[in-house]
Amino acid sequence: MMNLSLPVNSPMLSKNFTYGVATAAFQIEGGVADRLPCIWDTFCATPGKVVDNSNGDVACDHYNRWQDDIELITSLGVDAYRLSLSWPRIIKKDGSVNQTGINYYIAILDRLKAKGIKAYVTLYHWDLPQHIEDEGGWLNRNTAYKFQDYVKKTVVAFGDRVHSYATLNEPFCSAYLGYEAGIHAPGHADINYGKKAAHHLLLAHGLAIETLKKHSPNTQNGIVLNFTPAYPETDSIKDKIAAEYADDYFNQWYIKPIMDGTYPAINQQLPKQQQPDILLGDMEIISQELDFLGINFYTRAVYRHNLDNRFEEVQLPNVARTDIGWEIYPQAFTELLISLNTRYTLPPIYITENGAAMDDHCINGEVNDQGRVDYYNQHLNAVASAISQGVDVRGYFAWSLMDNFEWAEGYLKRFGIVHVDYKTQIRTIKASGLAFRNLIASRAD
Ligand code: FCB
């Protein structure tokens, strides 16, 4: 089956439902000479951190090829394009604006507007300026205020060119993978750092929302969170408690402060040195009302009880996985959306990322990524099922527009619905891209 098909009566088959493709600056742009170094440049230059020892110096060369790439996006027929801005391209070391960077993004935004494609802009997708990391990065509360200043200068310069702003992409990854597990930049592996970094990221989000409400009141302003739903390995009470703990630690930790103004109750069980440093008024800043919630979903995780660490992740044998090793389990997507909708009073939801890494091959100018088509079909239907059960999902973005720099995996894992030949920079729309295009084109008014 090379087509994507949804239930005939699904609101996802209406033109009111937004379809888009997503990218992030560091993963596609290259163009390093025109910006300051960021933590991912440093991380890539550290031997052993990125599987193929690659970096973001050229990536998809989008910095030079953005005009053609916008033609490509247009040819897919999407309503929207989710891109991120490179903070070190926009703000100089002394805090002033780098006009070259602003002009670069304004040209992109103007072109998108001319093509009738809505710009969904993410203000932070992990590329913290290195000089700010040198002062403590997200462990330093002051970084949140520097972020707010960057956001203010940027949105004022952009005027009415943007449809939607997301403050952060996946603060879990920045905080946990970057400061606690050490597998993402800046590579700190310290159990005492994760929640402290997370709190400053969430504070940065809240401060940025204040700024957006004031200086960009006409855009849709929100945040993008990732969820990896936690399931118990067995029905035993112990495994269930383990999965709930992991869920609070990895997932609810990032949404509950925003929606409810408090961290999950497990905060009290953490040793003092692991707890975030919360100042009076922080939770009010963090929990301001949003116009939308962006949700990124790829897979689930399975946990069992572990005496020492409360929980332990289990790799189930004989289950379907994508090329990056993530289990294909679409029903977790439906269950996630329903459970979030039950637990919290949510604003409208956009699926801001969903997709699969596959071992693609371009043969005679064609990429037959049947596995990815199946993945998209299952996951689009999982969203349709949640909508039919009352969840207010307004849009869906495929991750990603094109193959790109997949962080610690370098260029070895391909997530695009468009194939990129990194030697020639030739782009080829994969079967999944064609199927996505057909689905979008088939919608009724
Ligand atoms: C998400 C990131 C995105 C991409 C996908 C595969 O966690 O937001 O940049 O790497 O995973």
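Start at the ligand and select Gln-27: an N or O atom in its side chain is 2.8 Å from an oxygen atom of the ligand. That is a polar contact, meaning a pair of N or O atoms within 3.5 Å; within protein, one must be able to donate a hydrogen and the other to accept it, and residues adjacent in sequence count only if both atoms are side-chain atoms.

Before moving on, note that this is a predicted model: local features need pLDDT of at least 70, side-chain atom pairs count only at pLDDT 80 or more, and totals for chains, interfaces and linings use all residues. Residues are numbered from 1 along each chain as its sequence is written, and side-chain values use heavy atoms, with hydrogens and water left out.

Stay at the ligand. Asn-169 has a side-chain N or O atom 2.9 Å from a ligand oxygen. For Glu-353, a polar side-chain atom lies 3.0 Å from an oxygen atom of the ligand. Now show the surroundings, counting residues with a heavy atom within 4 Å. Among them are His-125, Trp-126, Glu-170, Tyr-298, Trp-399 and Phe-415.

Arg-82 sits in strand S2, residues 80–84. Strands (E, at least two residues) and helices (H or I, at least four) are DSSP runs, numbered from the N terminus. Is Arg-82 buried or exposed? Arg-82 counts as buried because its relative accessibility is 1%; the cut-off for buried is under 20% relative accessible area, with a 1.4 Å probe and protein chains only. Contact means heavy atoms within 4.5 Å. Beyond four places in sequence, the contacts of Arg-82 include Tyr-120, His-125, Asn-169 and Phe-397.

Now select the open sheet. Three strands run in the order S6-S8-S9, with mixed pairing. Strands pair if DSSP finds at least two bridges between them. The edges are S6 (230–232) and S9 (310–314), each pairing on one side only. S8 (residues 301–306) is antiparallel to S9, joined by five bridges. Look for Arg-304, which stands opposite Glu-312 in S9.

H10 lies across S6, S8 and S9.

Finish at helix H12, residues 331–343. What is buried there? Ala-332, Phe-333, Thr-334, Leu-336, Leu-337 and Leu-340 are.

Terms used. Axes are lines fitted to C-alpha atoms, for helices over the stretch in contact, and angles run from 0 to 180 degrees between N-to-C directions. Buried means under 20% relative accessible area, exposed over 50%, partly exposed in between (1.4 Å probe, protein chains only).
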